[in-house]
Amino acid sequence: MTPLVVFSHLRWDFVYQRPQHVLSRLAATRPVIVVEEPVHDADVEAGAAAFAERMTPAEGVTVVRIHTGLHEHGFTDAQMDVMAPVVASLGRELGESDVWFYTPMALPLLDALPETGVVVFDVMDELSAFDFAPPELLAREARLLARADVVFTGGPSLYRAKKDRAENVHLFTSSVDAAHFATALSGADGGGLTDPDDQAGIPHPRFGFFGVIDERLDLGLLAALAAAHPEWQIVLAGPVVKIDPAHLPQADNLHYLGSKAYADLPAYLAGWDVAILPFARNRSTEFISPTKTLEYMAAEKPIVSTPIRDVADPYSEIVRLGDTPAEFVAACEAALANEDGAERVAGMRRVLAETSWDRTAAAMADLIEQARTVDA
């Protein structure tokens, strides 16, 4: 099979999410080579050639991490100038390759590959809405949308935003490895998973969130939730990114547990009474479609979210919604009581029956082959 070269702004070993789920499955039938953002290496002198570190985090997947002497973060023009020879060498080694982008910032590296097949753009986030987005991102995205042979979008809001800007756009809402998270169903104290050490001493009831802690979370809402019910324990498991940890709200019942391995997430989830999605309502969340929504469903936990569109529109009969702090607290109170839990769980099971990462990856692979046939 034709190798697949992927340019990603997300590191494979950061948070296990859509790219890892999709690409590890595609790697069952073709070599997948993930070129990450470059890293600064103090041992690479200024002006010296960059070099590639290679890792194999999953069968069929090779992660290429290019070390440069530059301090600049991301796929900047200066970084790409020194990355291009490494990418060109990789291209000569692989021969003709399909190319997959998670960030339009890496688009200039397409020209470094000597032979390319189908070009894919998987739009999993509206990157221009994030803090510190590069000013040239939007222009580069427009060029990638025009160049891509097939475009995937990670949620309904992103699909609506991109469907008229490219020729071959498809909606693939992020899915779930239901079996992985269903291991949480027996509960941490129900003879199934063991409550992790850093969570075991936290009393119940527990309201939990896992994922990146950044500008997309409503920190004021978290503070209000903690203050409204001091007896509730709010557990947040995930890395703090792009915000100063000193600015996080602090209270005796707020617990920041740090980043967790994907394999360990069901054990944390098993010990929660309610799973929460306390997202802010701002530009950075206008287009998000959180993967964790379905992961919470697979564990059949009561779920409370702010009414971000890609949760509220499809799942309003399953997920309790609260916009203001008072409404969110009230929704959490109802979730803890869970008087209509059976009906909501039935809805979760219907949603999960219609999706899987295996199905998503297979459909994406089919569309790539269709695009190849059209180009031929």
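This is a predicted model: local features need pLDDT of at least 70, side-chain atom pairs count only at pLDDT 80 or more; totals for chains, interfaces and linings use all residues.
Student: OK, so buried means under 20% relative accessible area, exposed means over 50%, and partly exposed is in between (1.4 Å probe, protein chains only). Which residues of β10 are buried on one side, and which on the other?

Tutor: Arg-206, Gly-208 and Phe-210 are buried on one side, and Phe-207 and Phe-209 on the other, so both faces of β10 are covered. Residues are numbered from 1 along each chain as its sequence is written, and side-chain values use heavy atoms, with hydrogens and water left out.

Student: How many bridges join β10 to β11?

Tutor: Five, and the two strands run parallel. Phe-209 stands opposite Leu-236 of β11. β11 also pairs with β12 in the parallel sense, over three bridges, and there Ile-234 stands opposite Leu-254 in β12.

Student: Ile-234, got it. What else does Ile-234 contact, leaving aside neighbours within four places in sequence?

Tutor: Contact means heavy atoms within 4.5 Å. The partners of Ile-234 include Phe-207, Leu-222, Leu-225, Ala-226 and Ile-276.

Student: Which helix are Leu-222 and Leu-225 in?

Tutor: They are in α7 (residues 219-228), where Leu-221, Leu-222, Leu-225 and Ala-226 are buried. Looking down the axis of α7, these buried residues fall within an arc of 135°, so they line one face of the helix. That arc is taken from the directions from the helix axis to the C-beta atoms.

Student: Why would residues a few places apart point the same way?

Tutor: An α-helix has 3.6 residues a turn, so residues three or four places apart point the same way.

Student: Which residues have the most contacts inside the largest nonpolar core?

Tutor: Ile-234, Leu-269, Ile-276, Tyr-296 and Met-297 have the most contacts inside that core of 54 residues. The largest share, five residues, comes from α11. A second, separate core has 36 residues, among them Ala-106, Leu-107, Leu-109 and Phe-121. A nonpolar core is a set of buried Ala, Val, Leu, Ile, Met, Phe, Trp, Tyr and Cys residues joined through side-chain atoms within 4.5 Å.

Student: New topic: how many aromatic pairs are there?

Tutor: Rings of Phe, Tyr and Trp (its six-membered ring) pair if their centres lie within 6.5 Å; planes under 30 degrees apart count as stacked, over 60 as edge-to-face and the rest as tilted. By this rule there are 12 aromatic pairs. One of them is Phe-181 with Phe-210, which is stacked at 6.0 Å centre to centre with 20° between the planes. This pair links distant parts of the chain, 29 residues apart: Phe-181 is in helix α5 (residues 178-182) and Phe-210 in strand β10 (residues 206-210).

Student: Is the pair of Phe-210 and Tyr-296 stacked or edge-to-face?

Tutor: The ring centres of Phe-210 and Tyr-296 are 5.2 Å apart and the planes are at 75°, so the pair is edge-to-face. Phe-210 and Tyr-296, the latter in helix α9 (residues 292-298), are 86 residues apart, and both are buried.

Student: Which residues form the aromatic cluster with Phe-210?

Tutor: Tyr-16, Phe-181, Tyr-262, Trp-272 and Tyr-296 form one aromatic cluster with Phe-210.

Student: Last one: is Asp-164 buried or exposed?

Tutor: Asp-164 counts as exposed, with 65% relative accessibility. Asp-164 lies in the loop between α4 (156-162) and β9 (169-171).

Methods. Helices (H or I, at least four residues) and strands (E, at least two) are DSSP runs, numbered from the N terminus. Two strands pair if DSSP finds at least two bridges between them.
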